[in-house]
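Have the viewer open while you read.

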Amino acid sequence: MLGSLPARAPNATRWLAGGTLIAGTGSGPVSDAVIVIEGSRITAVGSRGQVSYPPNATVIRTDGRTILPGLVDSHVHLRDYMPPMFLRYGVTTVADTHDPTEWSLVQRDAINSGRIRGPRTFVSGERAANTTEGNPPSVQLKTVDEARAYGRKLIAMGVDVIKGH
């Protein structure tokens, strides 16, 4: 549901009201739910009457709809056309594993800053392996020292996680 909301000003406050919330916490569904969103963060959730919201907030009616938490895809090979598709299907976070490091970092930063519409993105860059197989090829490492040096290089470049194979 949240992935299909129209783009808003970065600091706008809005609240969704009336739908059934399945929070993913193990508790039962919340009928006539109210969800307050300030900027890009959910700041309050509950049943109508239990949650306060600013009077200047934009109201989005969700009556008859089911609201779920954003889904996470923890293993994607991101391509330039994909980011908006994830949001359409409720995927709000992805981990891009094993793509060219520089490209991945630029894509991640463009998505996370809002220049490209897409889910929050974490990247590993090119994976380390004992082979060059794969597309793109893995970075072949043969010694512990090579592995340490490559890990330090990726960290210095700003990846979120290091992937080996």
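This is a predicted model: local features need pLDDT of at least 70, side-chain atom pairs count only at pLDDT 80 or more; totals for chains, interfaces and linings use all residues.

Three strands make it up, ordered β7-β8-β9, and it is open with parallel pairing. β7 and β9 sit at the edges with a single partner strand each, so one side of each has no neighbour in the sheet. From one strand to the next, the twist averages 10°. β8 and β9 are joined by five bridges, and Val94 has Thr121 of β9 as its bridge partner. Helix α2 packs on this sheet, where it touches β8 and β9, and its direction makes about 170° with that of β9.

Here are the residue ranges for these pieces:

| Element | Residues |
|---|---|
| β7 | 71-76 |
| β8 | 91-97 |
| β9 | 120-125 |
| α2 | 101-113 |
| α3 | 144-157 |

Now for α3. This helix has 14 residues and spans 20 Å from first C-alpha to last, close to the 20 Å expected at 1.5 Å a residue. Which residues of α3 are buried? They are Tyr150, Gly151 and Leu154. Viewed down the axis of α3, the buried residues fall within an arc of 100°, so they line one face of the helix. Their cover includes α2, β9, β10 and β11. On the face turned away from the buried side, α3 carries the exposed residues Asp145, Arg152, Ile155 and Ala156. After α3 comes Gly158, with a positive phi near 105°.

Technical notes: Residues are numbered from 1 along each chain as its sequence is written. Side-chain values use heavy atoms; hydrogens and water are left out. Two strands pair if DSSP finds at least two bridges between them. Helices (H or I, at least four residues) and strands (E, at least two) are DSSP runs, numbered from the N terminus. Axes are lines fitted to C-alpha atoms, for helices over the stretch in contact, and angles run from 0 to 180 degrees between N-to-C directions. Contact means heavy atoms within 4.5 Å. The expected span of a helix is 1.5 Å times one less than its number of residues. Buried means under 20% relative accessible area, exposed over 50%, partly exposed in between (1.4 Å probe, protein chains only). The arc is that of the directions from the helix axis to the C-beta atoms.
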